[in-house]
Amino acid sequence: MEVIAILLSIIFYLFLVWVAYEIVRRAIIAALRTVLQEDGRLWVDRLAAAIARQIESESKDS
């Protein structure tokens, strides 16, 4: 009987660890989306546009 109780407690503990992991993972993903997205455009898109403008201005200068 004690073995069953120990196994159930281990399973319950692992379930709680998994739930905590999922909560933290989803919170991190939501925070990253909030940080990286501004005015509907991703930060990477803004960086790519800035690099393209820089290349265009350098090509016009030469």
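Two salt bridges turn up in the structure, a salt bridge being a side-chain nitrogen of Lys or Arg within 4 Å of a carboxyl oxygen of Asp or Glu. The coordinates come from a predicted model, so local features need pLDDT of at least 70 and side-chain atom pairs count only at pLDDT 80 or more, while totals for chains, interfaces and linings use all residues. Residues are numbered from 1 along each chain as its sequence is written, and side-chain values use heavy atoms, with hydrogens and water left out.

E22 pairs with R25, and the closest N and O atoms of that salt bridge sit 2.9 Å apart. E22 also meets R26, this time at 3.5 Å from N to O. Taken together, E22, R25 and R26 are linked in a network of salt bridges. Helices here are DSSP runs of H or I with at least four residues, and strands are runs of E with at least two, numbered from the N terminus.

How covered are these residues? The scale is relative accessible area with a 1.4 Å probe and protein chains only: buried means under 20%, exposed over 50%, and partly exposed in between. E22 counts as buried because its relative accessibility is 15%. R25 is partly exposed at 32%, whereas R26 comes out as exposed at 56%.

On to the aromatics: searching the whole structure gives one aromatic pair. The rings of F15 and W18 have centres 6.2 Å apart and planes at 35°, so the pair is tilted. For the cut-offs, rings of Phe, Tyr and Trp (its six-membered ring) pair if their centres lie within 6.5 Å; planes under 30 degrees apart count as stacked, over 60 as edge-to-face and the rest as tilted. F15 and W18 are three residues apart in helix α1, so about one helical turn separates them. Both residues are partly exposed, F15 with a relative accessible area of 45% and W18 at 49%.

A nonpolar patch on the surface is made up of V3, I6, L7, I10, Y13, L14 and V17, with about 690 Å² of accessible area together. Patches take residues with over 30% relative accessible area and no salt bridge, joining like charges within 9 Å and nonpolar side chains (Val, Leu, Ile, Met, Phe, Trp, Tyr) within 5 Å. Areas come from the Shrake-Rupley method with a 1.4 Å probe; for residues, only the protein chains shown count as cover.

As for the chain overall, two helices and two strands are present, arranged along the sequence as α-β-β-α. Of its 62 residues, 2% count as buried. The chain exposes about 5,900 Å², with carbon and sulfur atoms supplying 70% of that area.
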